[in-house]
Amino acid sequence: MLIGEYKHVVDSKGRIILPSKFREELGERFILTKGLDNCLFGYSLKEWAVLEEKLKKLPLTSKEARTFLRFFFAGASECEVDKQGRVLIPQNLREYAGIQKEVFIIGVMTRIEIWSEDNWLKEMTNENLSVDRIAQKMEELGI
């Protein structure tokens, strides 16, 4: 399981060091794509295959499904971790997520998310993060 929060710096070539715990779970190669909320999603090849199977079931007759699939797959890139534990974030993905110098890499069960520092700090101060509001939503979801 991917869990935790790590802050890292993007080097001049657009690379970041992945935390070793995440490298173990993701493997030497993994898929990085545009995520929701202006961040990037990273999946191991195994998890990507599971996700692909689920997405294949979406109806092609649905405009929303087609739009989501284009967004998700057109932005996807297979990334490789180098011997120093670094991974290059493609320019188009850095631009999408507003990534410049500092990033937060977080584990979210079956994926990682890579956030620009600004976007992550905004997300963490979002009014939706009140403990009472989260508890209410969890109850509504039966958790």
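**The sheet and its surroundings**

Author: In this predicted model, six strands form an open sheet, in the order 1-7-8-4-3-5, with antiparallel pairing. Strand 1 (2-9) and strand 5 (77-80) stand at the edges; each has a single partner strand, so one side of each is left without a neighbour in the sheet. On average, and with direction ignored, neighbouring strands of this sheet are turned by 25 degrees against each other. In general, strands of a sheet pair through backbone hydrogen bonds, either parallel or antiparallel.

Strand 3 (residues 29-34) and strand 4 (residues 40-44) run antiparallel and are joined by five bridges. Within this pair, Phe30 stands opposite Ser44 of strand 4.

Helix 5 (residues 117-124) packs on the sheet, where it touches strand 1, strand 7 (102-109) and strand 8 (111-116). The direction of helix 5 makes about 105 degrees with that of strand 8. Asn119 has its place in helix 5. With a relative accessible area of 19%, Asn119 counts as buried, because the cut-off for that term is under 20%. Not counting residues up to four places away in sequence, Asn119 touches Asn38 and Ala97.

If neighbours within four places in sequence are left aside, the contacts of Ile114 are Ile16, Leu32, Cys39, Leu40, Ile89, Ile99, Val103, Phe104 and Ile105. In soluble globular proteins, nonpolar side chains tend to be buried together.

Finally, there is a pair of helices to consider. Helix 2 (residues 45-56) and helix 3 (residues 63-74) pack with their axes 12 Å apart, at an angle of about 160 degrees. That angle makes helix 2 roughly antiparallel to helix 3, because angles over 145 degrees count as such. The two helices, helix 2 and helix 3, have a left-handed crossing. On the side of helix 2, the contact is made by Trp48, Leu51, Glu52 and Leu55; on the side of helix 3, by Phe68, Leu69, Phe72 and Phe73.

Technical notes. Residues are numbered from 1 along each chain as its sequence is written. This is a predicted model: local features need pLDDT of at least 70, side-chain atom pairs count only at pLDDT 80 or more; totals for chains, interfaces and linings use all residues. Side-chain values use heavy atoms; hydrogens and water are left out. Two strands pair if DSSP finds at least two bridges between them. Helices (H or I, at least four residues) and strands (E, at least two) are DSSP runs, numbered from the N terminus. Axes are lines fitted to C-alpha atoms, for helices over the stretch in contact, and angles run from 0 to 180 degrees between N-to-C directions. Contact means heavy atoms within 4.5 Å. Angles under 35 degrees count as roughly parallel, over 145 as roughly antiparallel, 65 to 115 as roughly perpendicular and the rest as oblique. A crossing is left-handed if the near helix is turned anticlockwise from the far one by less than a right angle, and right-handed if clockwise. Buried means under 20% relative accessible area, exposed over 50%, partly exposed in between (1.4 Å probe, protein chains only).
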